[in-house]
Amino acid sequence: MSTCNLDDYKCADAGLLMPLVNEYTWSTGARAAIYIIGLLWSFMGVSIIADMFMEAIETITSKKQKIKVADPNSDTGYTEIEILLWNGTVANLTLMALGSSAPEILLAIIEIVGNQFMSGALGPSTIVGSAAFNLMCITGICILSVPSPETKKLELIKVFAVTCIFSIFAYIWLIIILIVVTPDYVDLWEAFLTFLMFPTMVILSYIADKDFCSRGPRKPSPEHLDLEAVIEGKELPETGLHANKRLILEFIKKLRHEKGYSDKDVSTLVSYVMEKEGSHSRGWYRRNAIREMTGSVKLVPNLDDKTKELLDTMLLSEDTTGSRASFYSKPESRSKAIIEFAAATAAVLEKDRRVKLNIMRHGKINNRVVFKVETIDGTAEAGSDYKEVKKSMVFESGQTEQELEIEIVDDNIWEPDEIFFVRLSVEADELAEIGNRGIAQVVILNDDEPGTVEFEKPSFLFKESIGTARIPVKRVNGADGELKLNWKTKDISAVGGRDYEETSGELIFSHGEVEKHIEITINDDMEFEKDENFELFIDSVSPGAKIGHLSRTVVTIVNDDEFDGFVSRIANLTNSNLDALRLQRATWGKKFEQAMNVNGGDLEHATVFDYVMHFFTFGWKLIFAFVPPPTIWGGWLCFFVCLVFIGGLTAIIGDLASIFGCLIGLKDAVTAITLVALGTSLPDTFASRTAALNEKGADMAIGNVTGSNGVNVFLGLGFPWVMAAIYWTSQGKSFEVPAGDLGFSVTIFTICAVFTVVVLMGRRYIPFFGGELGGPKVPKMVTGILLIFVWIFYVVMSSLQSYEHIPGF
């Protein structure tokens, strides 16, 4: 019978709870492989429970209260509006920071308690290592992620300044108490002061957020509008919580020529755009990153091929002014100058000898932009019909309009109307892009003939409540002299004199005019009716003029009641889609259903990666399905249950990491700043990168990193140190915290952190860079890679000191 020799049982005492079974006879390689697989699997588990934890936190912080605002137009003298109970900055630095940093904080607490209130290396080193990875490596990745030459800047710079100062001071404070004031010991007052810096940072950040110290007028806090105002389209809410009728009408307008789409297709597109383009918290990005990693249901609606095609159609379509749909824009275009023609077409009489085209700039206008213009032949040829143009033009800083003049050749020879084109372009290194009207069509009108008149389109559609329908009539192939046309209507299902008024009339084109409108009054009888239509035709024209092929057009009057019902149906479907995204785990049954299925049951849009990760994480999903839904008790029950699960799982991770490091010869301090820090920070990496790509500013990507780092020290070290200091003080002793590895690691981190902040501020205030994230390709690559190497430098230096290749403190 073999016995276990504890002296030869490698790493048997490295963990608090593990090993759970006798591994004495196992080979070191096999044990190391099992522990690293278990560690990676546990990281996925803590990510999944962290997703639920963040869901509970978002439920808590989304609570609203009704307040009364004076309103002289109201019968009661006031109007009730809803505002969030939680301030955004306070929520980010308290519950949101706890949600993203709970594993590191709980690891430090569990290690202190498990070591009988003696300091360990794993917890504190994990906090410092995670802070280093977040500040240097994630910031570098975010800088590289924003496509050139787009730039993104911190918008809440005052809040960032406060959290940045506290973040760096937190580690300077650690150096002071561990090395200077009471070397290798933390007294009770030092522990309490460390912990009290947490609420101090929150209060000062709140003051900065509200701008209480500013001499100028403060900006009002955003208010959440009520559902009725949203549905009626009175305001377009930034939060995107409910469908907006104005947005739906814009969708329908863009798709008016498309066939085969249903109410469901339109509602899915509205949901997608609202969720994709809406403003999100850092918690939302973290949760979505976790779900992408674990094969769970996503927070953005999935589009099938048909709806993707419809979306592309809308993005390429033009409204009556030719502008791109206002409800959607590519993220990479938000911080650029958009250059385009004021109108997509222009007409000029041949005898006028020149045409003037207006070029507009919008978007980013505070920079100098060089762009090119060139003419392209159509039926008109350069030289014989117009003078070729190929040159560069400049928008100076603040300039929004330019005028381009092109010379027209008047040859006194009768010709049909001819066209040519003018194209805009910019170089790739310019901080600008060409808008939807990047090409203008110029029509040279023959002015030796009275011309031909015809309708613009074979059919038109107007709502019953339009009041007056305006139907355009074009004059082509000549514009010489005055031209008169007589028009009439012919009833189809609509009746003249009852459904519409004018049934005949005269339209006069003055010399040179090429477009006029026939105006017909539409009667709104306020009764439900089916769609009605009538025919409008050109009856006769002045001698010498001609009637074109489109001499007739059909006008359809759409009933408002039916149309509003259609819009309301889409609004209801959209709200259902949005509610489904936000209440995915509203019941235990729904939680188990999503846990059991790949991509939450949406198999149609599941990828191979989703299947692999679902198989790998299925056990965790099933276990955590027992966590109460966040809809119970306002999310607090889910919050505390998740906290318990995270604590238990963190204890397991601590043991797995310690034993694995022991088996392969890594010290706890090195294991903490590498494996554990990377594992706990992986979701934040993907979340920050996504936020850097999608958000208008850099706050969600890097703005919360400094605040989280400060919270980690003040709460993650301050709280367990207070407990340990109280315990040892009651024993008449001092709480011993050897500076050693921790003191050196903190010092190196502080130096690297200051350097990182200097780089960020340099990128912000030096015009060459343009902002904290993105910018010109070469400086973006240099600074992004530099910060990643700064993190590598920190890891290497801290590791060398741990193995005594570099002297410590």
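Okay, let's start with T489, which is buried, with a relative accessible area of 15%. That counts as buried because the cut-off is under 20%. Keep in mind that what you're looking at is a predicted model. Where does T489 sit? It lies in strand 17, which runs over residues 483-491.

So what does T489 touch? Its side chain makes a polar contact of 3.3 Å with the side chain of Y500. If we leave out neighbours within four places in sequence, the contacts of T489 are Y500, E502, T503, I520, F534, E535, L536 and F537.

Helix 15 covers residues 668-694, 27 residues in total. From first C-alpha to last it reaches 38 Å, close to the 39 Å expected at 1.5 Å a residue. Where does helix 15 bend? Look at S681: the bend there is about 45°, and a proline, P683, follows within four residues. Helix 15 is also mostly covered, with 19 of its 27 residues buried.

Next up, the cores. How many residues does the largest nonpolar core have? There are 122 of them, and the ones with the most contacts inside that core are I49, Y171, W721, F735, F749, L773 and Y794. Helix 16, residues 699-730, gives this core its largest share, 14 residues. There's also a second, separate core of 26 residues, and I359, M393, A440 and I444 are among them.

Not counting residues up to four places away in sequence, Y794 touches V128, G129, A132, I673, S745, I748, F749 and C752. One of those, F749, is also on the list of residues with the most contacts in the largest core.

Last, let's zoom out. The protein has 18 helices and 24 strands. It's 809 residues, and 51% of them count as buried. If you take contacts between residues at least 6 apart in sequence, 75% join residues at least 24 apart.

Conventions
Residues numbered from 1 in each chain as written. Predicted model: local features only at pLDDT ≥ 70, side-chain atom pairs only at ≥ 80, totals over all residues. Heavy atoms only, no water. Helix = DSSP H or I, 4+ residues; strand = E, 2+ residues; numbered from the N terminus. Buried < 20%, exposed > 50% of the residue type's maximum accessible area, 1.4 Å probe, protein only. Polar contact = N/O pair within 3.5 Å; in protein donor to acceptor, adjacent residues only side chain to side chain. Contact = heavy atoms within 4.5 Å. Expected span 1.5 Å × (residues − 1). Bend = angle between axes of the 7 residues up to and from the residue. Core = buried A, V, L, I, M, F, W, Y, C linked by side-chain atoms within 4.5 Å.
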